[in-house]
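Welcome to this briefing on a protein model. Have a look at the structure below, and we will walk through some of its contacts together.

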Amino acid sequence: MPTVSVGRDHLFEALGRTYEQEEFEELCFEFGIELDDVTTEKEIMRKEKHLEEEASANEEVIYKIEVPANRYDLLCLEGLVQALRIFKKADQIPTYTLADVSKESMLKMHVKPETSLIRPFVVCAVLRGITFDESRYNSFIDLQDRLHQNICRRRTLVAIGTHDLDTIQGPFTYEALPPSDINFVPLKQVKKFRADELMEFYKSDLKLKKFLHIIENSPVFPVIYDHNRTVLSLPPIINGAHSAINLKTKNVFIECTATDLTKAKIVLNTMVTMFSMYCERKFEVEPVEVIYPDGKSCLYPDLSVYSMEVPLSYIIDTVGVSLEADEVTSLLNRMQLHAKQSLSEDKECKIIVSVPPTRSDVLHPCDVVEDVGIAYGYNNVPRRKLASLKPLPLNQLSDLIRLEIAMNGFTEILTWILCSYKENFSMLNRKDDKSTAVIIGNPRSADFEVVRTSLMPGALKTVAHNKDHPKPIKIFEVGDIAVLDEAKDVGATNRRQLAALYCGANSGFELIHCLVDRIMEIIGCPFVAVGDDTGYYIKLSNEPEFLPGRQASIIYRGKHIGTFGIVHPEILNNFDISDPCSFLELNMESFL
Amino acid sequence: MAEEAILGHLEKNVEISDSGDFASQSGIDHNEIVNVIKSLHGFRLVDAQDIKREKWVLTDEGKLYAAAGSPEVQLFLAVPPEGISREELQRKVDPSVYKIGCSQAIKNKWLEIGKQQVSRKVQQVEDTAKDLLTRIQNEEALSQADIDALKRRKLIALQTWKGYSVRKGPNYAPKRKKVATDLTRENLQRGDWKELEFKEYNFNAKGQSAEGGHLHPLLKVRRQLQMIFLQMGFEEMPTNNFVESSFWNFDALFQPQQHPARDSHDTFFLQAPSTTKMLPEDYVERVKHVHEHGGYGSRGYGYDWKREEANKNLLRTHTTAVSSRMLYLLAQVEKFLRFIRGDVYELKPFAPKKYYSIDRVFRNEAVDRTHLAEFHQIEGLVCDRGLTLGDLIGVLQDFFSRLGMSQLRFKPAYNPYTEPSMEIFSYHEGLKKWVEIGNSGMFRPEMLLPMGLPEDVRVIAWGLSLERPTMILYGVDNIRDLFGHKVDLGLIKRNPICRLGIEQLTGLDWLLGCAPIGLFDNWVLYLFARRSDHTAFGGPLGRDLGKGLKCFLVEMRDILGRKISTSPSTGAGFSCMKCRIGLVPVQTSTRLPLHSKEFLNRRQPPPTTKIR
């Protein structure tokens with residue numbers, strides 16, 4: 001994306017008001033450009049020279065603004081200001097006109113046939129009665145540079161030459177001559193150069209050497225002469241010194257030579273529309289007749305507007321806002337597009353859009369739609385939701401954690417929700433205080449007396465039934481338990497639990513401890529000091545199912561979420577397990 | 001040294017006939033020779049044959065007598081010709097010599113041993129035992145009687161000697177090259193890996209078993225089913241509530257209170273928490289009314305609906321209890337206004353929904369090979385305007401096709417809360433019969449309208465268990481081997497990945513690309529298969545596909561890849577084990593294996609029919 005540097009104070013002066021930086025950024029955002037950097041001339045110099053100087057307070061602040069690559073009209077302060085002022089409804093859209101000059105007094109440019117060998121097109125225009133000051137003049141030069149860089153593809157497609165018309169005399173000729181036949185004093189030089197020598201001379205010129213290749217190997221070089229054989233320019237390399245413009249120049253002759261006529265017209269239009277605002281007759285441009293060897297002639301610049309018919313329904317359907325025709329036209333006006341409503345025969349409402357010469361980016365009604373959208377404000381468009389799916393966070397999280405635990409070498413088990421009353425209480429050294437468990441009223445067998453309040457019985461029963469499995473056994477389960485809950489309509493609620501068990505020749509306590517740390521790691525929870533609520537910590541616990549002194553509570557962000565430890569030998573005995581086990585169980589719902 | 005000696009010897013000689021002889025000739029310890037032979041044999045540089053020899057050697061006692069003479073002779077010599085007192089004699093000789101000597105001397109009748117006095121009976125004795133022992137030491141042969149006598153006296157023992165006879169092996173080389181078993185860091189650092197010769201791997205054995213974690217097979221299947229639902233645009237319902245009221249589990253579904261499913265021997269009712277405290281009262285009224293008197297065009301069941309029955313808590317018997325809650329919620333959301341912009345609001349339009357869930361349900365049933373008191377129910381439902389039976393069958397076809405069951409039939413059935421109701425049957429290629437795979441239907445208006453859903457909204461739903469397809473998939477025939485604490489951890493670990501929902505050869509839209517599957521004569525046979533809606537492949541290609549086979553595409557190209565014919569064909573199918581492909585000519589029911597001459601001679605391509 002091209003970037004345009006403009007002086008902040010100049011910009012605000014031209015906009016007619018000052019902005020806080022944030023406010024200006026907001027405006028840019030809305031319009032679709034971006035304040036890329038805020039700097040100063042001297043700051044740029046310092047950076048280039050790697051100097052470490054203190055910035056002084058009175059340096060001029062420069063805004064570097066990024067503009068869309070297809071908006072050549074925004075490549076200078078004049079265009080930016082015009083676009084933003086019109087966007088803010090401070091100005092009307094200008095109408096550009098051609099000066100009314102008689103055919104006889106009109107300046108003429110004669111194109112010689114040889115130019116077709118190297119650079120076949122030229123378009124010209126005149127800005128009469130222009131008033132430059134330093135910043136206007138700099139902007140005029142900068143715009144040429146930026147156009148050269150962007151649409152002109154480093155002068156290969158189009159090259160711009162600007163001349164003080166009062167130093168030269170028409171009619172002009174655009175010719176292509178052998179280099180040795182061209183002699184002139186180029187810009188910024190005092191002595192005459194022959195064109196071939198000049199090319200040699202510029203090979204050491206940092207700025208110009210990169211353009212030499214465009215014509216270097218051609219037997220003929222393009223060149224523009226005036227009536228007195230004064231060289232105006234040797235496009236696309238350099239202008240003549242004779243016709244150079246300066247701050248006092250009143251009348252500017254602009255020529256664009258090109259290999260691409262369409263782009264040449266856009267470039268010329270951009271130059272003249274932007275700077276015609278400084279002319280005596282504002283927004284008026286004097287045309288030049290370009291006459292080709294075959295006698296055909298064209299008048300430039302071509303400031304005609306391009307008319308486009310866009311059905312209102314197309315705009316509404318695309319933007320997704322129901323707008324009336326007059327709303328659309330006024331929105332388009334803010335984007336520098338003249339628009340009016342028309343009713344066709346079939347009663348379909350259409351918007352007639354007149355695209356001014358400044359808006360070469362508008363190719364199709366979709367570009368018009370975009371401008372309606374921008375002026376309406378992208379962020380004001382009501383959001384429509386496409387059909388989409390929302391996963392259940394708890395189940396998603398469970399699945400992610402299951403995978404992580406399996407990756408840690410644990411094998412997943414899936415055990416029954418129902419168990420016997422004994423297994424849930426006495427066999428775990430626990431007493432039923434009648435406040436936790438969901439009790440079945442009509443169990444068919446002792447295996448289904450109660451809804452588990454812990455994943456522990458299932459895990460222990462699995463170990464007991466896998467006596468022959470080689471040790472160590474590392475298993476885990478992520479599943480629901482149910483507990484009584486007064487707050488629920490049915491009086492009970494599910495809890496998502498995570499349990500892991502290690503069974504081997506030794507207790508494997510460290511391994512289970514390590515798994516706790518790993519779970520916290522994947523949750524993104526830091527290990528903190530005891531009492532700190534910003535992470536998790538472990539502290540000694542005293543639960544009947546674990547061996548005293550060999551068990552701990554997990555405190556997650558200040559909340560007790562689970563316990564791990566060496567399973568009490570009495571419990572191992574209850575479940576007929578002969579090897580030591582360590583067990584972890586925690587509630588996962590706090591991780592959501 | 002031993003290795004050089006052996007390999008060197010074999011270079012010039014045919015064999016080493018006896019490693020023992022070789023050892024003594026070369027002056028190398030026989031044990032060392034044996035070790036080298038074993039190693040060389042292992043690398044097949046030599047072939048070694050076992051030699052086993054037995055020989056008699058002297059025991060420690062025998063060695064003693066061979067040196068000092070037998071105890072009987074020692075004792076005899078200790079007795080002077082004039083005799084000696086017993087005490088004197090005992091003092092003169094070693095106690096063991098006295099003890100053994102006495103018994104042998106008496107046996108030989110050499111000495112007269114009285115109570116006081118010991119005297120010679122003969123004047124001269126020969127030490128035969130010593131002689132025999134010496135002869136054994138010299139490896140001379142002895143008579144069996146002598147051997148037995150010495151053996152009885154434990155003076156000799158049998159010693160087995162093992163050795164080898166050695167010839168050149170298939171890998172014989174005069175000098176052994178050292179083979180490496182692995183590439184090491186040192187090899188890389190030294191750069192000698194270029195010269196390394198590696199010991200051959202034994203690929204007949206499996207590799208080392210890997211350590212790692214594993215997911216439960218049932219949950220792997222659940223994952224794939226979830227993916228299938230998501231791919232079909234279904235959203236998961238929150239099912240983490242095992243405890244449910246009879247109201248949501250039964251009454252809301254227009255299941256009458258006398259329905260057998262509500263008996264205590266089918267359902268787990270709860271002691272704690274025994275009843276539900278909160279129900280949406282206005283909705284309860286509408287449900288009560290529709291049960292008792294009907295409404296919404298229904299006659300109702302015409303009985304006294306009891307609130308106490310509805311309040312009874314239970315463990316949900318199906319996830320449809322969750323569906324009823326979700327649909328009720330959906331109907332309530334209906335009533336909210338939707339913010340448009342500025343001060344514009346509109347009635348929120350009805351939003352169609354597609355829901356699924358896979359979670360635990362509970363039945364108070366006796367546990368056996370195929371039943372547990374708890375299992376996982378898969379449920380899918382679509383709630384939209386204007387749904388038809390065609391939509392239901394279509395969504396079922398889509399869903400079950402993704403599970404590898406594309407040949408479906410639907411049987412009219414009765415469910416209290418759906419009408420029409422259909423049981424879903426699929427043709428099982430293995431069992432060669434139609435098996436029930438699920439239940440489905442459209443929810444009754446008596447269920448939907450009291451909730452407050454718009455009148456033209458219909459809900460189609462289906463359900464099946466997770467365990468059943470999993471058991472079929474993994475060939476488990478006892479449900480307790482799949483789910484619960486009695487499951488073998490080893491099975492969980494060995495369990496393969498679940499490929500449900502992935503295109504496979506075993507059915508569905510499979511596509512082999514343009515892989516040539518055979519070269520017959522000068523024809524290359526390509527299979528790029530496409531499923532039509534009628535296709536049902538129950539097993540891998542090549543298995544007898546049965547009558548269900550309706551259509552697939554075989555493309556024939558010549559060896560240059562030019563297409564000769566494309567033949568989508570319908571009719572009776574056949575398969576060919578050899579080239580693992582079936583071809584179904586339309587006109588003939590004759591089975592023509594692809595590689596048969598008849599087939600190859602049948603250059604005329606079968607007529608083309610259009611694939612739907």
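In this predicted model, B:Glu374 touches residues of both chains: A:Trp416, A:Ile417 and A:Leu418 on one side, and B:Arg360, B:Val361, B:Phe362 and B:Phe483 on the other, leaving out residues up to four places away in sequence. You can find B:Glu374 in strand 16 of chain B, which covers residues 374-385. From there we can move on to the interface, the rings and the salt bridges.

**A closer look at B:Glu374**

- Is B:Glu374 buried or exposed? Its relative accessibility is 0%, so B:Glu374 counts as buried.
- A polar atom of the B:Glu374 side chain lies 2.6 Å from the backbone nitrogen of A:Ile417.
- The B:Glu374 side chain also reaches the backbone nitrogen of A:Leu418, at 2.8 Å.
- Within chain B, B:Glu374 and B:Leu315 are 59 residues apart in sequence, and their C-alpha atoms are 9.9 Å apart in space.

**Where chain B meets chain A**

- How many residues of each chain are in contact? The contact involves 62 residues of chain B and 53 residues of chain A.
- The size of an interface is often given as the accessible area lost when the parts come together.
- For chain B and chain A, the buried area is about 4800 Å², with 58% of it on carbon and sulfur atoms.
- Three residues, B:Phe242, B:His485 and B:Leu489, supply 16% of the area that chain B buries against chain A, more than any other three residues.
- Across this interface, 27 residue pairs are in polar contact, with both residues at pLDDT 80 or more.
- Several elements of chain B give two or more residues to the side that touches chain A, including helix 11 (217-231), strand 15 (353-362), strand 16 and helix 19 (489-494).
- Helix 11 of chain B gives the largest share of that side, with six residues.
- There are four salt bridges between chain B and chain A.
- A salt bridge also joins the side chains of A:Asp399 and B:Arg222, at 3.6 Å from N to O.

**Aromatic rings**

- Over all chains, the structure holds 39 aromatic pairs.
- Why is the pair of B:Phe254 and B:Tyr301 stacked? The ring centres are 4.2 Å apart and the planes are at 20 degrees, so the pair is stacked; the cut-off for stacking is under 30 degrees.
- B:Phe254 lies in the loop between helix 12 (246-249) and strand 11 (270-272) of chain B, and B:Tyr301 in the loop between helix 13 (281-292) and helix 14 (307-311), so the pair ties together parts that are 47 residues apart in sequence.
- B:Phe254 is buried, with a relative accessible area of 2%, whereas B:Tyr301 is partly exposed at 31%.
- B:Tyr283 and B:Tyr328 form a stacked pair too, at 4.5 Å centre to centre and with 25 degrees between the planes.
- This pair links distant parts of the chain, with B:Tyr283 in helix 13 and B:Tyr328 in helix 15 (residues 320-333) of chain B, 45 residues apart.
- Both B:Tyr283 and B:Tyr328 are buried.
- One aromatic cluster is made of B:Phe229, B:Phe234, B:Tyr356, B:Phe399, B:Phe400 and B:Trp462.

**Charges over rings in chain A**

- A:Arg155 lies over the face of A:Phe211, at 4.0 Å from the ring centre.
- The charged end of A:Arg229 sits over the ring of A:Tyr225, 3.6 Å from its centre.

**Salt bridges within the chains**

- The whole structure has 56 salt bridges over all chains.
- In helix 6 (residues 86-92) of chain B, B:Glu88 and B:Arg91 are three residues apart, a separation of about one helical turn, and their side chains meet in a salt bridge at 3.0 Å, N to O.
- B:Lys288 and B:Glu292 are four residues apart in helix 13 of chain B, about one turn of the helix, and they form a salt bridge at 3.2 Å, N to O.
- Here B:Lys288 is partly exposed, at 24% relative accessible area, while B:Glu292 is buried, at 12%.

Terms used
Residues numbered from 1 in each chain as written. Chains lettered and ligands numbered in written order. Predicted model: local features only at pLDDT ≥ 70, side-chain atom pairs only at ≥ 80, totals over all residues. Heavy atoms only, no water. Phe/Tyr/Trp six-rings, centres within 6.5 Å; stacked < 30°, edge-to-face > 60°. Buried < 20%, exposed > 50% of the residue type's maximum accessible area, 1.4 Å probe, protein only. Lys NZ or Arg CZ within 6 Å of the ring centre and 35° of its normal. Contact = heavy atoms within 4.5 Å. Polar contact = N/O pair within 3.5 Å; in protein donor to acceptor, adjacent residues only side chain to side chain. Buried area = accessible area lost by both parts, 1.4 Å probe.
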